[in-house]
Amino acid sequence: MGFLKVGEVALSASQENAARGGKVVEALVKQVAHVCITVSDLDEALKFYRDVLGFESVFETRTDAADGPLLGFDQDEIGLYAHHILTVGANPEQATQINLVEFTNPRTTVFDGPYGKMNHVGITRLALLVENVADAFERIQFFPGVQIVCAPKDMVIREPDASFTTRWFSFKDPWGVFMTMTQAPRA
């Protein structure tokens with residue numbers, strides 16, 4: 001599914017199926033609540049995510065008693081320092097949060113980044129919508145540790161009934177997280 005134009009309404013897969021005479025299935029998942037990005041130094045990460053990308057912190061926590069098994073660890077309690085960030089002005093009840101997490105016990109493990117190859121199983125990319133790709137590129141390209149993977153360029157998205165062009169670029173943040181930035185399509 002591509003981008004919608006102002007005033008268009010997207011049908012869910014269940015609604016489309018029902019329109020074709022099939023069974024309506026109630027959605028189990030209501031929204032993506034948050035995505036966690038583990039960083040080695042949370043205060044440094046905030047300089048990039050807050051001060052450069054423009055997110056705002058809506059919640060901060062420091063604890064030595066987080067539930068280890070719930071968060072995927074073998075030990076009962078773990079230590080962490082985290083900020084939950086949102087796009088400035090976003091409705092926290094409707095927007096997906098990014099949780100920046102620095103593990104303190106056990107310490108965050110640092111390698112060369114999340115994955116060696118992008119075809120690795122798991123979440124491999126975070127895509128962010130911006131007003132203007134050129135402005136976003138100028139703002140982040142010289143931040144220490146950012147690696148530009150692909151400079152801004154046009155990408156044509158082809159769908160069965162239409163094609164449209166968007167502008168994209170890709171980079172790795174200072175912790176190796178692969179990201180793309182795109183702007184809304186041009187007519």
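**Aromatic rings and nonpolar cores**

In this predicted model, the count of aromatic pairs comes to eight. The points below take up the rings and then the nonpolar cores.

*Aromatic rings*

- Phe137 and Phe169 form an edge-to-face pair, with 5.2 Å from centre to centre and 85° between the planes.
- This pair links distant parts of the chain, since Phe137 belongs to helix H3 and Phe169 to strand S7, 32 residues apart, and both residues are buried.
- Ring pairs also join Phe137 and Phe169 into a cluster with Phe48, Tyr49, Phe55, Phe143, Phe171 and Trp175.
- Arg62 lies over the face of Tyr81, at 3.6 Å from the ring centre.

*Nonpolar cores*

- In soluble globular proteins, nonpolar side chains tend to be buried together.
- The largest nonpolar core here has 29 residues, and those with the most contacts inside it are Ile37, Phe48, Tyr49 and Leu100.
- Two or more residues of this core come from each of helix H2 (42-49), strands S3 (77-87), S4 (97-105) and S5 (126-129), helix H3 (133-140), and strands S7 (163-172) and S8 (178-182), and H2 gives the most, with five residues.
- Leaving aside neighbours within four places in sequence, Leu100 is in contact with Ile37, Leu42, Ala45, Leu46, Tyr49, Tyr81, Ala82, His83 and Ile85.

Key
Residues are numbered from 1 along each chain as its sequence is written. This is a predicted model: local features need pLDDT of at least 70, side-chain atom pairs count only at pLDDT 80 or more; totals for chains, interfaces and linings use all residues. Side-chain values use heavy atoms; hydrogens and water are left out. A nonpolar core is a set of buried Ala, Val, Leu, Ile, Met, Phe, Trp, Tyr and Cys residues joined through side-chain atoms within 4.5 Å. Buried means under 20% relative accessible area, exposed over 50%, partly exposed in between (1.4 Å probe, protein chains only). Helices (H or I, at least four residues) and strands (E, at least two) are DSSP runs, numbered from the N terminus. Contact means heavy atoms within 4.5 Å. Rings of Phe, Tyr and Trp (its six-membered ring) pair if their centres lie within 6.5 Å; planes under 30 degrees apart count as stacked, over 60 as edge-to-face and the rest as tilted. A charge sits over a ring if NZ of Lys or CZ of Arg is within 6 Å of the ring centre and within 35 degrees of the ring normal.
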